[in-house]
Amino acid sequence: MRKPNLDAYWMPFTANRQFKKAPRLFVKSEGMYFTTDEGRQVLDGIAGLWCVNAGHARPKIVKAIQEQAAELDYSPPFQMAHPKAFELADRVAQLLPEGLNKVFFTNSGSESVDTALKMALAYHRVRGEGQRTRLIGRERGYHGVNFGGISVGGMVANRKMFGAMLAGVDHIRHTHDPARNAFTVGQPAHGAEFADDLLNLCALHDPSTIAAVIVEPVAGSTGVLIPPAGYLQKLRQICDQHGILLIFDEVITGFGRTGNPFGAQTFGVTPDLMVMAKGITNGCVPMGAVAVKGSIHDAFMTGPEHLIEFFHGYTYSSHPLACAAGLATLDTYEEEGLLTRAQQIGGYFAEAVHSLKGEPNVIDIRNIGLVGGIELAPIAGSPGKRAFDIFLDCYDKGVLIRTTGDTIALSPPLIIEREHIDRIVDTVRDAIRRHA
Ligand SMILES: Cc1ncc(COP(=O)(O)O)c(C=O)c1O
């Protein structure tokens, strides 16, 4: 296969110089596997990037995209629409927890996050509470890379280069507490009290200045942090008490990752706004969405009917290709029971991942549904190096994993079978040993 010139492309979230010395190129994908440009099969342990939940190149989705491109390639989303946008919003609403029934489309998780933050601010303003301008995020949170998202986000490397960001943002503490919770299977028992940080911020700023709190039900990109039992419930309670909107960023927990359509259902807590992306189209066409409670949407529906109610949207909101892919994706999830499949295979996955306890440098293992985090002790003076070397080693052995800092994060397609789980975990185990 002809090698491309690697010079011009500045790759995102990539060690560019290392990559260009030893490129890793995929040219094909199907089911649980990628094929490299050298013709090697690589088992996908991370659903692409937490998005290909139904596995790769699913025929129904491929066909829907091909047919849509030939039939209606583009339709303006402002003051115009096409039927599949309404159909997809309706299908997504049917999967959502009760009360969340309006859906706004974007093109990515980052756009969805910024959309949700703007909705929260504007909602308070249209109700005459425009003094609620503060946004609260959480340490180690990841909410994409746009200015709103990095402002409420809490991953230092994603923030420190980019100036002052949004004003009026504060953070509660993260919930990672290995001293009490290391090697917990499922939800940790300790840490619900971390939610009380929100009460401290209410006392500091006065709750009447706070618009919204945004958290990931399971923090993924920072290294898989599972919410302690009772923690999300407590956040919900404090928000209710003080008129603060609760936003769940379900970009990775959405569409079956934790054993239910959304993390909100797994953890039994309904937010006021929900951010999603990735699995909505099985990763095939970029798309994101924000779901809101009917009461939030309705608060905007005032004033003369010829006026735009919410001055926000993207050229590619509800793109026909994305909507077609989304509908075929939801069909595939439904036909194959994928949105609850993690409940069946999650036990086997948990056992396999936790079998890495006792391997060299493994200092914690965390899991929920089909998500696993394996935290390694860093090499002194070289944080992230051990995990990165293990990532490269696994790739050489034909398994794609993802690492963040010194944590290995696994999030395979929901079609995974036991033999794939065994292969992923055995490959990780061997690599951990080789890099001890
Ligand atoms: C929780 C969360 N929010 C937002 C995003 C950003 O999504 P995107 O990369 O589609 O902008 C991600 C991406 O991984 C994510 O995990």
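## Helix α4

A residue is called buried if 20 or more other C-beta atoms lie within 10 Å of its own, exposed if 12 or fewer do, and partly exposed in between, with C-beta atoms placed from the backbone. The model is a predicted one, in which local features need pLDDT of at least 70 and side-chain atom pairs count only at pLDDT 80 or more, whereas totals for chains, interfaces and linings use all residues. Residues are numbered from 1 along each chain as its sequence is written.

Helix α4 covers residues 83-95, 13 residues in all, and reaches 19 Å from its first C-alpha to its last, close to the 18 Å expected at 1.5 Å a residue, where the expected span is 1.5 Å times one less than the number of residues. Aspartate 90 counts as exposed because it has 11 C-beta neighbours inside 10 Å, and its C-alpha atom is separated by 8.1 Å from that of asparagine 101, 11 residues apart along the chain.

## Helix α16

Helix α16 (residues 418-434) has 17 residues and, from first C-alpha to last, reaches 24 Å, close to the 24 Å expected at 1.5 Å a residue. Its buried residues are His420, Ile421, Ile424, Val425, Thr427, Val428, Ala431 and Ile432, and they cover an arc of only 155° around the axis, which puts them on the same side of α16. The face turned away from that buried side carries the exposed residues Arg418, Glu419, Arg433 and Arg434.

## Domains and their interface

The chain is divided into domain 1 (16-54 + 338-434) and domain 2 (63-335), with bounds that come from an automatic or database domain assignment. The centres of the two domains, taken over C-alpha atoms, are separated by 26 Å, and 34 residues of domain 1 are in contact with 30 residues of domain 2. On the side of domain 1 that touches domain 2, α2, α14, β11, β12 (371-376) and β15 (407-410) each supply at least two residues. The residues of that side divide into 15 nonpolar, 14 polar and 5 charged, where Ala, Val, Leu, Ile, Met, Phe, Trp, Tyr, Cys and Pro count as nonpolar, Asp, Glu, Lys and Arg as charged, and the others, Gly among them, as polar.

## Ligand shell

The ligand is surrounded by 14 residues, of which the closest are Ser108, Gly109, Ser110, Gly144 and Val251; a residue belongs here if its C-beta atom, placed from the backbone, lies within 6 Å of the molecule. Helix α5 (residues 109-126) gives the most to this shell, with 3 residues, and the shell residues divide into 5 nonpolar, 7 polar and 2 charged.

## Positive phi angles

Alanine 57, in the loop between α2 (47-50) and α3 (59-71), has a phi near 55°, a positive value in a residue other than glycine. Asparagine 361, in the loop between α14 (341-354) and β11 (362-368), likewise has a positive phi, of about 70°.

Note on methods: Helices (H or I, at least four residues) and strands (E, at least two) are DSSP runs, numbered from the N terminus. Two residues are in contact if their C-beta atoms, placed from the backbone, lie within 7 Å. The arc is that of the directions from the helix axis to the C-beta atoms.
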